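Dear colleague,

Please find the structure below. My notes on what was found in it follow.

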Amino acid sequence: MGVTAIRIEGLSKRYGSVHALTDLGLEVAEGEVVGYLGPNGAGKTTTIRLLLGLIKPTSGRAEIFGLDCQREPVEAHKRLAYVAGEASLWPSLTGAETLHLLGRVQGRVDVAYREELIGRFDLDPSKKVRAYSKGNRQKLILLAALMTRPDLLVLDEPTNGLDPLMEQSFRHCIHEVKERGQTVFLSSHILSEVEALCDRVGILREGLLVEMGTLAEMRHLSALMVEATLDGSVPDLSKVRGVSAVAIDGRVVRCQVRGSIEPLLKVLAESGVQELLSREPSLEELFLAYYGASETEDVPARAG
Amino acid sequence: MSLPVQADLALDRRAAAGRSPSTVVARQTARKAVRSGVLWGYVFGLYLATQALAYATSYKTVVQRVRLAKEFESNAGVSALVGPAHEIQTVAGFTVWKCLAVLTIVGAVWGLLAGTRLLRGEEEAGRWELLLAGQTTRRAAAAQALAGLAAGVAALWAVTALITAVVGRSSKVDFSVGGALFLAVAVVSGAAMFLAVGALASQFAATRRQAAAYGGAALGVSYAIRMVADSGTGLDWLRWASPLGWVEQLQPLTAPEPLALLPIAAFIVVLAGVTVHLAGARDLGASTLPDRASSRPRTRLLSGPTGLNIRLMRGSVATWGAAIAAYSLLLGLVAKSAGSAISSSPSLVKVFERLGAGAGADAYLGVVFLIIAVSVAFIAVGQISAARAEEATGRLEHLLVRPVSRTSWLVGRLVAAAVVLLAGGVIAGVFSWLGAASQHAGVSFTRLLEAGLNIVPPVVCILGIGGFVIGILPRAAVVATYGVLVWSFLVELVGGIVNVNHWVLDTSVFHQMAAAPAVSANWATGGVMVAVGAVASALGVIAFRRRDLQGE
């Protein structure tokens, strides 16, 4: 995997008695695209602000490419670019002036790529920031980050306010970034975005990292959704190993299976199986499962 | 997404408290305007009170008073600056002459800034959007905001009137209660008119800064017209062409003319009406006059945080610089005649001798340079406020997430601000010399340049304290810096009249300042003040490095 882009150890942040983030440990390898999920207030933005040195940790430490985020922020920031979900910019500067300024401050800009991005995101850079819509301001800070070709992109709900077309352009850009071997840390609550872009996903709940892994791993660890239509009546499944959340509707049974599916198949086969559907949970179901919505029978109706 | 929900909650809470959500704009505006009005009411009231008491104690005999009156009643230069002198052989006449023009200008500037901040500023910040999503129309919201501003004027008037009436009870001063109340009306009428100007300018312009510039131009024209009218060139009728002239026509205490309130009231009503009409006729966030929404990129300065800072502040700094230059020039122009008036009053000469000053133009300038120092100190507060705004709005983050250290950013801001303050002192010295030299006042260039530089240490000290508070308590930085300025000014003002404990006097940075050019600048004390500012700022920078960034 090579160099570690982000290393976080025992990172905590407390505001008075509120634990915004508790004992976070996390590593992101160079070239990885990692999604960071959680509802509002879970600590996603706190993590990112600690990573950027904008706020100070109560305990623990974070490194970017081996550089301490609190002690060597300037060196660390040379290698990264950050996009916030809310863009408050200087209202009297035009888009072009803002890009020029932020490029000069960063110290490196791929000018050709910048022009390409302006076209791709359909931005009029001659307008003053105060005349831009919220979406256009968001595009501007997204461009300001992408145009520097950073080694690490830290994105905090970056598509906030973008229309679906621009969201497409954004995904396209992240795929390019990934192909070039750049690292991406993407905080989001748009699950489809994370599912489409990320190699690994971390799930944060009330300041605690409750899950971290590839989508495949997470799916494997979680339950399989099974729906069977039987010939006869539904047998008692309560004693079958690994089965939970059983719902019976006439001769149709829905349940979740953890671990091997074999014991369940054996029991069902005794009643004669007309039709059997099984599938892995979507990221949304995984996500909801971590947030107390434990009843996951609301599986979308099977297609066809 | 979350905003409408929050607004709903806020409305629910208000509804539960038995308040109508339809007056939320009025109440919010009133809260801010009243707070500021009360503060300035104290400044106005204490200024009136100290001037009245000072006159009553330094000119005790009729002979002294008549001599002073003779000197000033025929002085065209002073008359052009602060208006003609009526009956200044009386406490009432002197107080009006000494205070009315000055406080009218201060009040007008306050009105302009408050009006544009609470209308265009709030709208620019997007706070109106939230309120208007509720139950108010744009027109009603503008009317409500005006009502809130009116509450601010009422607060300004009430505090001023109260203090004036109380001091008027003193046997030395002896103003009738009615006279004191009318004096307070006259003093705040400039503020009321220019609040309306600010409100109207907020409809024309797309940004608060631009609105303040429009209003400032209107104020400049009014002042210029009034100056010509009062300069003894036979153009007295021009006074009726300037709002500031109307205030003068009120002649409180000496020859009260309530009829002059008619044009003042009409002016306010018409401007308020047009403001409400225009507010309804335009889009939220838009301006009536065309706004240049796009422009060719000008990137010369935009190479880093310092360049950005210069780019953003050059407009307002240039405006302040021009105002200080103009004011210093005027003071220089009248210095000679004012100085000879001082020389003709034995008791005033005594006062100046106590200051260590002689008499003449330099003695007069030594006293009025305090006012210039206060004006320059406002730039210091403005710089602290601007630095804090960068952090509060989150704009600073765009720099700090890039290779910019917190230390270099804050130190850069403070150094740039100190350079601006230094320039302010030099401008004051050079332009007062230009004015004085043109009248052959006999004050040398070096002495006036020294006097200009002499005001720099106290204002740098205020700036430094601001830098300290930014580091340790960012949300209080603006209020605290403003507080140091107002406190220092009031202590110095009151301390000149009443016996005040020297420990209290010493807390005023302006009290530490030598009255140059009347006396030589004291560079040792100046050095100490600069050092205090520098150390305070250094501690502020250290604290800033160690703390979390804090939004609004």
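**Contacts between the chains**

A:K13 and B:D548 are joined through their side chains by a salt bridge (2.7 Å, N to O); the term is used for a side-chain nitrogen of Lys or Arg within 4 Å of a carboxyl oxygen of Asp or Glu. Between chain B and chain A the count is three salt bridges.

Before the rest, the conventions. The model is predicted, so local features need pLDDT of at least 70 and side-chain atom pairs count only at pLDDT 80 or more, while totals for chains, interfaces and linings use all residues. Residues are numbered from 1 along each chain as its sequence is written, chains are lettered from A and ligands numbered from 1 in the order in which they are written, and side-chain values use heavy atoms, with hydrogens and water left out.

Chain B and chain A also share 16 residue pairs in polar contact, both residues at pLDDT 80 or more. A polar contact is a pair of N or O atoms within 3.5 Å; within protein, one must be able to donate a hydrogen and the other to accept it, and residues adjacent in sequence count only if both atoms are side-chain atoms. On the side of chain B that touches chain A, two or more residues come from each of α12 (305-343), α14 (361-393), α15 (395-400) and α21 of chain B. Helices here are DSSP runs of H or I with at least four residues, strands are runs of E with at least two, and both are numbered from the N terminus. The largest share of that side, five residues, is given by α15(B).

In contact terms (heavy atoms within 4.5 Å), 37 residues of chain B meet 36 residues of chain A. About 3,100 Å² is buried between the two chains, 59% of it from carbon and sulfur atoms; this is the accessible area (1.4 Å probe) lost on putting the two parts together, summed over both. In chain B, the residues that lose the most area to chain A are B:V401, B:R402 and B:P403, together 22% of what that side buries.

**Salt bridges overall**

Over all chains, the structure holds 31 salt bridges. One of them pairs the side chains of A:E86 and A:K134 (3.8 Å, N to O). A:E86 is in the loop between β6 (80-83) and α3 (95-106) of chain A and A:K134 is in helix α5 (residues 134-146) of chain A, so the pair ties together parts 48 residues apart in sequence.

Regards
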